[in-house]
Amino acid sequence: MVSVGIIGGGIAGLTAALALSSRGYEVTVIHAGIEATNSYLAQAGIALSILEGDSPELHVSDTVRAGRYLNDEEVVWNVVSKSSEVYDFFLSLGLKFEGNETEGGHSFPRVFTIKNETGKHIIKTLYLHAEESGINFVKGWAEELAVRHKRACGVFVDGEFMKFDATVIATGGFAGLFKYTAGSPLNLGFLIGDAIMKGALARDLEFVQFHPTGFIGSNGVKLISEAVRGAGAKLVTEDGERFVDELSPRDIVARAIYLKTLEGKRVFLDARGITDFRRRFPQVYAFLAKEGLDPSKDLIPVSPIAHYTMGGIATDLWYRTNVKNLYAIGEAASNGFHGANRLASNSLLECVVSGLEVARTIARERPRAGEVRDVPYHGYEAGDVESLREILWNHAGIVRNGRGLKEGIKKLESVEADPRLKLLAKGVLECALAREESRGSHYREDFPLVRKTYQRPSFFDGRCRL
C-alpha cells in the first residue's frame, strides 16, 4: 500500500487526506494544530461560480484581471471549472453555507460564507470526517524534508525520520516572514525554503499580497474581512475623505491606503452603516470589542498587512514538483492560478481543488520511496527571524524600488538565521529586483508601469530566473 505523508492540517491538507483515504491509501497528516492554520482564520468565504447568472467564464475573467494577466489560463480554467465538484464535496460532508457575498474584484456575489467564519467551520467539518476515516494524525513540527538524489522519501518530525512513498506539502505560504501579518505565526515558509535547498523550483516569490484592512491593536495584528467592505463599509481619512473604490482588487486598495499614510494621514474603516454587524461579523466584532471599539459607533483604524503569498513551490497542473514523489498544494504551491494578485476568496477554492487533484495524481502515479539509506538531517535553528521580517517589510513591502531591494539583499547577508528562511527571503528580494515593472501586488515606484516584456512568471532555484 502506498503511504502518503501530508504536512499541514489546513483545508488543502485535510481535503487531500480525505480524498486519498477514500481510495484506500495509508494517510498520515502531520500538523501543529488546526487552529494554528491560516485556513482556520479565513473569515470571508470560498468563491464558487455555480449560481444562476454567474458562469465559469466570468469567474475566469475576474481571476485573470485581478492577476494582471500573469495567470496560467489553463490552470485557472482547471480550478474554476471544478466549482461544482467542490460544492458537491462540501454537501457530501454535510456542510451548508449561509449566504453569498461580493468581494473586491468579483463581478458577481459568488463568495459563499458561513457567519464570516467560513474557514473555521470548514476546518472543523473536514477534521471530524478525517478522524472518522481512520486517518493518522501526528501532532508535531515537520521541520525538514527527507530528500535524497532529488527523490522525496519522507519528513523529519521533531528530529525523527518518518518514511513515506509520497510527501505532500500543505503548510501554507510565507506571509509570516513579513513584520506585520494577521496570519498564523507558523507560516514562515520553512519547508518552502527547505524544498528549494533540496532541488525544488520556486515560482513568483515576488508577488506578496497585502490585505488592505489589517487592524494593529494591543492584542496583536488582526484581519478585517473584505466582506465588511462588501457589506458597505467605506475607507476614509481622519478628515472624512473617501479616496478609493473599496471593492477594487486588493493591490489597488492597499496601495491607496499606504500612500495616504505617507501623506501623514490616518485611515479608517467606517462600518457604522452596516446593520447587525455583530451577527454578520462575529469574529471581527469580538476582537474590536476587546480593543474598546464599537463598529456601530466608532471608526476603525486600519493598515495594510502582509496576507497571502502568490508565490511558492512551483508545481504543474497536477501539483507535482520537480522533485520526485514530492507534491505541493494550497498556498504552499504556485502554478499560475493567482497570477500577480489573488482574487479574493479564490484561495479556499484552490485549497479544495488542489487537495482533490493531488489525490488523483498520486492514485495515477502510485509513487514508491524504495529503500532509504542515510538521508541527511540538518537540525537547523530558527535564529534571528525578526531581522528577516524587518528586512522584507522595509525593503520588499507594499511599495518597492531598486535601491531599497539592493539594500535589503545586502542586509540579508549578515543575518544569522535558518539558511532556508534566508534563501526564501533572498528569492523574494532578488525576484522583486529583477521584475522591473509594476504588476498586481508587485509595485516598483521606479518602474510604475506594466511592461509586456515581463508578462511571464519568475522562477527561483537559488538565483532568480525571469
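Some ground rules come before the details. Residues are numbered from 1 along each chain as its sequence is written, and side-chain values use heavy atoms, with hydrogens and water left out. Because the model is predicted, local features need pLDDT of at least 70 and side-chain atom pairs count only at pLDDT 80 or more, while totals for chains, interfaces and linings use all residues.

Let me start with Ser225. Ser225 sits in the loop between strand 13 (220-223) and helix 8 (226-230); helices are DSSP runs of H or I of at least four residues, and strands are runs of E of at least two, numbered from the N terminus. Is Ser225 buried or exposed? Buried, with a relative accessible area of 3%. Here buried means under 20% relative accessible area, exposed over 50%, and partly exposed in between, with a 1.4 Å probe and protein chains only. Beyond its neighbours within four places in sequence, Ser225 is in contact (heavy atoms within 4.5 Å) with Gln43, Ala44, Glu103, Asn116 and Val284. A polar atom of its side chain lies 2.9 Å from the backbone nitrogen of Ala227.

Next, Thr309, which belongs to strand 17. Thr309 is buried too, at a relative accessible area of 0%. From a polar atom of the Thr309 side chain to the backbone nitrogen of Phe174 is 3.3 Å. Leaving out residues up to four places away in sequence, Thr309 touches residues including Gly173, Phe207 and Glu331.

Now the helices. In helix 7 (residues 190-197), seven of the eight residues are buried, among them Phe190, Leu191 and Ile192. After helix 7 comes Gly199, with a positive phi near 110°.

Helix 13 (residues 385-395) has buried residues including Leu388, Leu392 and Trp393. What do the buried residues of helix 13 pack against? Strand 12 (208-217), strand 17 (303-309), helix 14 (402-413) and helix 15 (419-434).

Helix 9 (250-262), strand 17, helix 13 and helix 14 each give two or more residues to the lining.

Technical notes:
Polar contact = N/O pair within 3.5 Å; in protein donor to acceptor, adjacent residues only side chain to side chain.
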